[in-house]
Amino acid sequence: MTAATPEPEDLLEQIRVRIYERFASDGRAPGVGELAMQSNVDEAEIVHALGALHRERSLVLDERGDIELAHPFDGRDFGFSVKGGDTLWWGGCAWDSFAIPHLVPGASPALVATTCPGCDTPHAWNVSASSPPPGPQVAHFLVPMAHVWDDVTHACDNQRIFCDERCVAAWLARTGNTKGTILSLPTLWRLASRWYEGRLGYGYRPRQPEVAADYFREVGLIGAFWGTAV
Ligand SMILES: [Zn+2]
Ligand SMILES: [Zn+2]
């Protein structure tokens, strides 16, 4: 191979980083045509690479093959918006929204906004990388960590922030869901703070389950929901 033709795994990592860079700077995914031009390969090769990145869980494609999730970034509304100085992101879930100000240089503080799924009350916080935002609201995560990747968009869609535990209970009763776990805003903020560390750069590898459990333990999340022993 010549220097202009990267090894397939390098190409995959280049494409992954370009997608993340574009999401970080502009709040949206680059198109297949743009990626093909940047990488000097044809569009079919990009489509193939996106499929490989989807299989290795570096991103999630929707049914049409568009990028739906590149955690913590998203191509559609998952209930949260995140507004930085000059960029507006779909914030993904509660976890992802709180992660963006930590991950993207210059994005702290960002205005994170959502509505309570229990009663539609709007909520917003200035989320910074230095300290958790004040607030009595609670996050509710429906799907235990061991099952997140059974259906990751369902899991993300159900990591939301509510007014309080009463609103969580009302929403659970209305939707017929079983309670997952409740987090205070400071705990959510700690969970989000370093979870995606390194993801915008080359050589990032998603955390394996044992390493993830160590991280959850460090930020104070103990129990079966998190896969950490009580
Ligand atoms: Zn509410
Ligand atoms: Zn999410």
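Me: Are tyrosine 215 and phenylalanine 216 buried or exposed?

Reply: This is a predicted model. In it, tyrosine 215 is buried, and phenylalanine 216 is buried as well.

Me: How is the geometry between tyrosine 215 and phenylalanine 216 described?

Reply: Two numbers describe a pair of aromatic rings: the distance of the centres and the angle of the planes. For tyrosine 215 and phenylalanine 216 the values are 6.4 Å centre to centre and 70° between the planes, and the pair is edge-to-face.

Me: Why is the pair of phenylalanine 225 and tryptophan 226 edge-to-face?

Reply: Planes over 60 degrees apart count as edge-to-face. The planes of phenylalanine 225 and tryptophan 226 stand at 65°, with the ring centres 5.2 Å apart, so this pair is edge-to-face. Phenylalanine 225 counts as buried because its relative accessibility is 12%; tryptophan 226, at 4%, counts as buried too.

Me: Which residues form one aromatic cluster?

Reply: Trp95, Phe141, Trp195, Tyr215, Phe216, Phe225 and Trp226 form one such cluster. The count of aromatic pairs comes to 14.

Me: Where does a charged end sit over a ring?

Reply: The charged end of arginine 76 is over the ring of phenylalanine 78, 3.7 Å from the ring centre. Arginine 16 lies over the face of tyrosine 20, at 5.3 Å from the centre of that ring.

Me: How many residues does the largest nonpolar core have?

Reply: In soluble globular proteins, nonpolar side chains tend to be buried together. Here the largest nonpolar core has 74 residues, and Phe73, Trp95, Phe98, Phe141, Leu191 and Phe216 have the most contacts inside it. Helix α1 (residues 8-26) gives the largest share of this core, seven residues. Because domain 1 (8-68) and domain 2 (74-226) both contribute residues, the core lies between them.

Me: What is phenylalanine 216 in contact with, leaving aside neighbours within four places in sequence?

Reply: Its contacts are Trp95, Met145, Leu191, Trp195, Leu221, Trp226 and Thr228.

Me: Which residues coordinate the zinc ion (ligand 2)?

Reply: Cys93 (SG), Asp96 (OD) and Cys156 (SG) coordinate the zinc ion, at 2.0 to 2.3 Å. The spacing of these donor residues in sequence is C-x2-D-x59-C. Cysteine 93 is in the loop between β5 (88-90) and α4 (94-103), and cysteine 156 is in helix α5 (residues 152-157), so the pair ties together parts that are 63 residues apart in sequence.

Me: Is cysteine 93 buried or exposed?

Reply: Cysteine 93 is buried, with a relative accessible area of 1%. Cysteine 156, at 4% relative accessibility, also counts as buried.

Key:
Residues numbered from 1 in each chain as written. Chains lettered and ligands numbered in written order. Predicted model: local features only at pLDDT ≥ 70, side-chain atom pairs only at ≥ 80, totals over all residues. Heavy atoms only, no water. Phe/Tyr/Trp six-rings, centres within 6.5 Å; stacked < 30°, edge-to-face > 60°. Buried < 20%, exposed > 50% of the residue type's maximum accessible area, 1.4 Å probe, protein only. Lys NZ or Arg CZ within 6 Å of the ring centre and 35° of its normal. Core = buried A, V, L, I, M, F, W, Y, C linked by side-chain atoms within 4.5 Å. Helix = DSSP H or I, 4+ residues; strand = E, 2+ residues; numbered from the N terminus. Domains from an automatic or database assignment. Contact = heavy atoms within 4.5 Å. Donors = N, O, S within 2.8 Å, 3.2 Å for Na, K, Ca; no water.
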